[in-house]
Amino acid sequence: MESIQRFTHRLLPIPITGKCLKPIKPTPSRTNPVAYFHQARKPIFKPAFDFGLTTRTSHSSSARARAGWLLGLGEKKKIQPETVKAGDPVLHEPAREVSPEEIGSERIQKVIDDMVEVMRKAPGVGLAAPQIGIPLKIIVLEDTKEYISYAPKEETKAQDRRPFDLLVIVNPKLKNKSNKTALFFEGCLSVDGFRAVVERYLEVEVTGLDRKGQPIKVDASGWQARILQHECDHLEGTLYVDKMVPRTFRTVDNLDLPLAIGCPKLGVR
């Protein structure tokens, strides 16, 4: 018998893969300034860099929920999506563009609202639609003074991290504006509990459409540029582990241990 994912995939233009799960709050064992910044109290351990959060919901029930959304058969009870995990095809295959006519639709606006809510509840500073199981080219990002306050000042200074308001970008197109790069630890809510060093461009330009379908252009540097690159990678089916510096992958509990001999130093190159 076909699974509901495969059955619906044949009927709909938007494939259904992955899990739509309900977010849980991170434990205070080790938080980080990108996805686990904000808890009831200040983090005990030195934060790292992450866009993610763990998930706990059955695959079948969440698949049915997303199928209902796509078919217009959704339940009356509001279902809050969660993030899907590495290994789910939705995270490893390119997402499709959203046509300008679709952007103003109730469904696309609902996807955007859900993404913002999931990101803020994590709490995090960036999220791509595939991370909630929706293979569309949409990203949201936001960083606040409050989030930044939980990270050591010397760390945020080295990362060139500054607050910025909520950005919603549909069909983003990214290009680097400089050949200068920086190496810092990253994590991902889809690869929860691990970190690795990733080299990113220091300055990028992203163009696309906002949630009203109007053209938008973002010139970003430092940490915001890193977030944009991380999220745009998701839209191409790429996770940070696909780009990590070899021999830097580690658990969050080992984050403060020295890098292996021969690994590049963290910071701007």
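The legends below describe close-up views of a predicted model.

**View 1. The open sheet of five strands.** The strands of this open sheet follow the order β1-β2-β3-β6-β7, and their pairing is antiparallel. The edge positions belong to β1 (126-128) and β7 (215-221); each has a single partner strand, so one side of each is left without a neighbour in the sheet. On average, neighbouring strands of this sheet are turned by 40° against each other, direction ignored. Strands of a sheet pair through backbone hydrogen bonds, in either a parallel or an antiparallel arrangement.

**View 2. The pairing of β2 with β3.** Five bridges connect strand β2 (residues 138-143) with strand β3 (residues 164-176), and the two pair in the antiparallel sense.

View 3. Helix α4 (residues 106-121) lies across β1, β2 and β3, and runs at about 35° to β2. The helix has 16 residues and reaches 22 Å from its first C-alpha to its last, close to the 22 Å expected at 1.5 Å a residue. Its buried residues are Ile108, Gln109, Val111, Ile112, Asp114, Met115, Val116, Val118 and Met119. An α-helix has 3.6 residues a turn, so residues three or four places apart point the same way.

View 4. The loop between α4 and β1 holds Pro123. The peptide bond leading from Ala122 to Pro123 is cis, with omega near -15°.

**View 5. Helix α7 and the largest nonpolar core.** Helix α7 (residues 222-235) lies across β1, β2, β3, β6 (203-209) and β7, and runs at about 125° to β7. The largest nonpolar core has 22 residues, and those with the most contacts inside it are Ile139, Leu141, Ile169, Val218 and Leu228. At least two residues of this core are supplied by each of β2, β3, β4 (181-186), β6, β7 and α7. The largest share, six residues, comes from α7. Which residues is Leu228 in contact with, leaving aside its neighbours within four places in sequence? They are Ile139, Leu141, Ile169, Leu174, Val204, Val206, Val218 and Ala220. In soluble globular proteins, nonpolar side chains tend to be buried together.

View 6. His234 is found in helix α7. Is His234 buried or exposed? At 1% relative accessibility, His234 counts as buried. Its side chain and that of Gln131 are joined by a polar contact of 3.4 Å. Not counting residues up to four places away in sequence, His234 touches Leu91, Ala128, Pro130, Gln131, Cys188 and Leu239.

**View 7. Strand β4 and its two partners.** Six of the six residues of β4 are buried. Both faces of the strand are covered, with Thr181, Leu183 and Phe185 on one side and Ala182, Phe184 and Glu186 on the other. In a regular strand the side chains alternate between the two faces of the sheet. Strand β5 (residues 194-201) runs antiparallel to β4 and is joined to it by six bridges. Within this pair, Val197 in β5 is the bridge partner of Phe185. Strand β9 (residues 267-268) also pairs with β4 in the antiparallel sense, over two bridges. In that pairing, Leu183 stands opposite Gly267 in β9.

**View 8. Arg247 in the loop between α7 and β8.** Arg247 has its place in the loop between α7 and β8 (250-251). Its phi is positive, at about 70°, although Arg247 is not a glycine. At 56% relative accessibility, Arg247 counts as exposed, since this class begins over 50%.

How values were computed. Residues are numbered from 1 along each chain as its sequence is written. This is a predicted model: local features need pLDDT of at least 70, side-chain atom pairs count only at pLDDT 80 or more; totals for chains, interfaces and linings use all residues. Side-chain values use heavy atoms; hydrogens and water are left out. Two strands pair if DSSP finds at least two bridges between them. Helices (H or I, at least four residues) and strands (E, at least two) are DSSP runs, numbered from the N terminus. Axes are lines fitted to C-alpha atoms, for helices over the stretch in contact, and angles run from 0 to 180 degrees between N-to-C directions. Contact means heavy atoms within 4.5 Å. A nonpolar core is a set of buried Ala, Val, Leu, Ile, Met, Phe, Trp, Tyr and Cys residues joined through side-chain atoms within 4.5 Å. Buried means under 20% relative accessible area, exposed over 50%, partly exposed in between (1.4 Å probe, protein chains only). A polar contact is a pair of N or O atoms within 3.5 Å; within protein, one must be able to donate a hydrogen and the other to accept it, and residues adjacent in sequence count only if both atoms are side-chain atoms. The expected span of a helix is 1.5 Å times one less than its number of residues.
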